[in-house]
Number of protein chains: 2
Amino acid sequence: MVTIKDVAREAGVSVATVSRVLNDNGYVGADTRKKVMEAIAELNYSPNEVARSLYKRESRLIGLLLPDITNPFFPQLARGVEDELSQAGYRLLLGNSDENIQKELEYIQTFVQNNVVGIITATNHVDYKIYEALDLPLVLLDRASENYPAVYADGREGGRLAAKTLIEKGAERITLVKGPANIKPAQDRFQGAIEELSRADVDFSVLSTTSYSFEEAQGWAEELFDKFSDTDGIIASNDIVGIAIVHEAMERGKRIPEDVQIIGYDDIPQSRLSYPTLSTIRQPAYEMGREAAKLLIRTIKKEPGVEQTIQMPVELVERKTTRKE
Amino acid sequence: MVTIKDVAREAGVSVATVSRVLNDNGYVGADTRKKVMEAIAELNYSPNEVARSLYKRESRLIGLLLPDITNPFFPQLARGVEDELSQAGYRLLLGNSDENIQKELEYIQTFVQNNVVGIITATNHVDYKIYEALDLPLVLLDRASENYPAVYADGREGGRLAAKTLIEKGAERITLVKGPANIKPAQDRFQGAIEELSRADVDFSVLSTTSYSFEEAQGWAEELFDKFSDTDGIIASNDIVGIAIVHEAMERGKRIPEDVQIIGYDDIPQSRLSYPTLSTIRQPAYEMGREAAKLLIRTIKKEPGVEQTIQMPVELVERKTTRKE
DNA sequence: TTGAAAGCGCTACCAC
DNA sequence: GTGGTAGCGCTTTCAA
C-alpha cells in the first residue's frame, strides 16, 4: 500500500504538505504542488479513506436500509439514492432488514461503527430508541414521520385515487386487497381506499393479506377469486399482487376490463409488461430515491432552510386493466 | 462517542485489557472480564470499526459491484450475497456500474480506499489492469474467467437447452433473440443456442438487440413480430424480453403455445406471473449469490483447497409458453 | 510557505 | 494477568 509518507518522500516534502495539496487547503507553493502532484501520479497514490475517516470522525459513507431489495419497488429507490449520492462522492452501505427489527438494529449499529455520515431508511420502526439515540442525519424513505425528514408519496391519496378511478369507471362490486398490517404505506393506501369507497354508493369487500411477495401473490389471487368470484373491480395492494390477480383472472377466463377491472399500486417496471398491461397508481420510486439522497446531503452539509418533508405526487397510470370511458 | 478509553476508565482497567476482552484473546481474569463487560453494557459501547480497520489494515467490508440493481436478475444475486455475508459478520458496499468501465474503476478504487477485504463483481472487464493490480480476494459473479475464482451458470449449456427444448417440442421456424454484444453471458447463451440450432434440421433466424431493459423490451418484441411474423418458436435473450414477447404475442392474437412457443432465460420471479406463465431456463440467482459470498469468505480466511470456480446448474422450467408433449 | 508533531480509536507487543 | 505504549494513515494546529 502506498501511503502519504511515500508520496512525501518521493516529492521531497513533508506529509503535511502532501495533505495540503490533497485537500486543497492552506498555502502551497505552485512548484511544490506540482512536485507533489507528480509524485502522486508516479506512485499511483490514492488516500486511505479509513485513516481520513478516523481522524475526521466522519466518512464518505451513507447507510441505506431497505426492507428487501428483491421486491421490485426497492431497486428503483436504491438506484435513485445511489445515483444522487455517488455523484456527490458518497458511497453506499446497504442492508436488507426484512422488516425485522433485530436485523435493523444490527445494520444501524454497523452503520454507526463505520462512521457513516447519514442514514436513509425505509423502516416501520422509527420510533424505536435506536433512532432517537442516533446522532446522525437521518431521512426516511417511503415512510412518513413527525420526527424526521422524510420523502414519501401520499399513500392515502393514492388509495383514494385508486378507489375513485374504479368507481368512476363503473365498478359496482369492488374488492379491496389489504396489504400487510405491519407495513405503514400498505395501510395508508388501504385507508385512503376505504375512505373513498365508504363515501360512495358501492358494495365492496376486503381481502386481508399478509405479504407482498411473489411467492405468495399467486395464492392471494386465487383466494380472492374463490371468495369473491363475482367482483368486477379489484384494488390490489401493490403491483406484484396486481399482476398476479391479472394472471389469475385470465386463467379463470374473465375478460379484462369488461368483466373485471384491476388497478395496481407502485407502477413497477413489469406492470407495463403484464397481459393486459396493468393500470396502476404510480409512485415515482426512482425520483423518491434521488430526493431522499438530496435531502440527506443538504442536511449533512447543514444547508439552511432544508425542508423536513417531501411529499411526492401520486398519479394514475391508465393502461389496459381499467375501462376507457 | 464513547470510546475504549471511557470503558477502561469506567471499569478501572487499562485500554489494553478492554481490548483483550473485546477480542477475546490474551489472558483476562474472570472478575476483570466481568467488570469490563459491565462497563461496556453500562456505557452502551460498541467499538469503532474505522479505528480497527485502520490498525489491522482490513475492514469487515466487502465490495459488491453489479451492472444494475434495477434489472430483476441482480437483486436476487445481491440478496444471496448479502444473506451469506451478513451472517458471517461482513457488510456490503454496493455499486452499480451500468457496464461502464469508468464507474467500475471509480467503485473499485473506493472499495480499496475503504479497506474492503474482498470484492465480488459482475463485470465484463476483468481483464483491465485495475483488477490485475488488485491485491485483494476477488470473485466473479455471473461471469466466468480463467484468472479469477468465479461463480456462474453455464450459459452455453443453457442456450443449448433452450434451443433443444423448442426443437423437441416441434418448433420449425425458430427465432433466436441475441442479447447485447458487450454482455458476456448474453453471448454465451446465444452461442449455445446457435450451436444446437445449427446441428438440427430447423429453419431459424436471429434478431439482434442491444439491451435487456424494460424500457426497450417492448420495442424488441414488436420488431420481432414485424420481421418474423410467422415464427413458431422464440428463444428470448432473457426473461424481461421473454415477458415482453409473450405480451406482444397476446396483443397480436397469437395463441400460445399453439401458434408460437416462447422460452425465456433466468427465471426471474415475475416470469411466474406473466400470462401465460413463461417457460424459461432457470439460473439459480440467489444461490449463485450465496456461493460467491461463501467462496469469497473462504478465500479471505485462506482456507486450504478452495475451489476456483463454481459452475451452477441450469435448468428448464416448463410453464405455459411451451407445449406439453 | 513549509515542517514537526499530536492525536483520531484501536490492537498488539513488551514489560512487569 | 495486566498496563504502557507504539503505530495504523491521515489531518490540523503551531512554530518556524
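Visitor: Which residues come nearest to DNA strand C, of the 26 around it?
Guide: Quick ground rules: this is a predicted model, where local features need pLDDT of at least 70, side-chain atom pairs count only at pLDDT 80 or more, and totals for chains, interfaces and linings use all residues. Residues are numbered from 1 along each chain as its sequence is written, chains are lettered from A and ligands numbered from 1 in the order in which they are written, and side-chain values use heavy atoms, with hydrogens and water left out. Being near a strand takes a heavy atom within 4 Å of it. Of the 26 residues around DNA strand C, the nearest are A:R20, A:G29, A:T32, B:I4 and B:Y45.

Visitor: Which side chain has an N or O atom 3.1 Å from a sugar or linking oxygen of DNA strand C?
Guide: Polar contacts here are N or O pairs within 3.5 Å; within protein, one atom must be able to donate a hydrogen and the other to accept it, and residues adjacent in sequence count only if both atoms are side-chain atoms. A:T17 has a polar side-chain atom 2.6 Å from a phosphate oxygen, and B:R52 has a side-chain N or O atom 2.6 Å from a phosphate oxygen too. The one at 3.1 Å from a sugar or linking oxygen is B:Y55.

Visitor: Which element gives the most to the surface near DNA strand C?
Guide: Helices are DSSP runs of H or I with at least four residues, strands are E runs of at least two, and both are numbered from the N terminus. α2 (15–23) and α4 (49–56) of chain A and of chain B each supply at least two residues. With four residues, the top contributor is α2(B).

Visitor: What is the strand order in the open sheet of chain B?
Guide: Strands pair if DSSP finds at least two bridges between them. The edge strands, each pairing on one side only, are β7 (203–208) and β12 (315–317) of chain B. The pairing is mixed, and the six strands run β7-β6-β8-β9-β10-β12.

Visitor: Which residue of β8(B) is the bridge partner of B:T175?
Guide: β6 (173–178) and β8 (233–235) of chain B pair in the parallel sense over three bridges. In β8(B), the partner of B:T175 is B:I234.

Visitor: How much area is buried between chain B and chain A?
Guide: Contact means heavy atoms within 4.5 Å, and 50 residues of chain B are in contact with 50 of chain A. Buried area is the accessible area (1.4 Å probe) that two parts lose on being put together, summed over both. Carbon and sulfur atoms give 57% of the total, which is about 4,700 Å².
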